[in-house]
Amino acid sequence: MPEGGIHPGTPFPGYPNIRSRYREGDFPVAEKAHTHTIELPVWHREQDLELAEQYVSAARKAGECHKELV
């Protein structure tokens, strides 16, 4: 199962449920991108707008204060 999520076969039953033959280090650029990517929820309802704005505000604050955070 992928880190932090469900296996694609769960919502898509036709998706092959096989283990990858790739090993760690086979794709260093993709692996680096994956480890430095933040996964956010998908908002699609009007009532989600306030929560989405809170995420944007938090990201801005972290960006502005990043030196104090590390």
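Student: Which residues make the nonpolar surface patch of about 410 Å²?

Tutor: The model is predicted, with local features needing pLDDT of at least 70 and side-chain atom pairs 80 or more, while totals for chains, interfaces and linings use all residues. Residues are numbered from 1 along each chain as its sequence is written, and side-chain values use heavy atoms, without hydrogens and water. Patch residues have over 30% relative accessible area (Shrake-Rupley method, 1.4 Å probe, only the protein chains shown counting as cover) and no salt bridge (a Lys or Arg side-chain nitrogen within 4 Å of an Asp or Glu carboxyl oxygen); nonpolar side chains (Val, Leu, Ile, Met, Phe, Trp, Tyr) are joined within 5 Å, like charges within 9 Å. The patch is made by Ile 38, Leu 40, Leu 51 and Tyr 55.

Student: Where does Leu 40 lie?

Tutor: The chain has three helices and zero strands, these being DSSP runs (helices H or I, at least four residues; strands E, at least two) numbered from the N terminus. Leu 40 lies in the loop between α1 (28-35) and α2 (49-64).

Student: Is Leu 40 exposed or partly exposed?

Tutor: Buried means under 20% relative accessible area, exposed over 50%, and partly exposed in between (1.4 Å probe, protein chains only). At 48% relative accessibility, Leu 40 is therefore partly exposed.

Student: Are the rings of Tyr 22 and Phe 27 stacked or edge-to-face?

Tutor: Rings of Phe, Tyr and Trp (its six-membered ring) pair with centres within 6.5 Å; planes under 30 degrees apart are stacked, over 60 edge-to-face, and the rest tilted. The centres of Tyr 22 and Phe 27 lie 5.0 Å apart with planes at 85 degrees, so the pair is edge-to-face.
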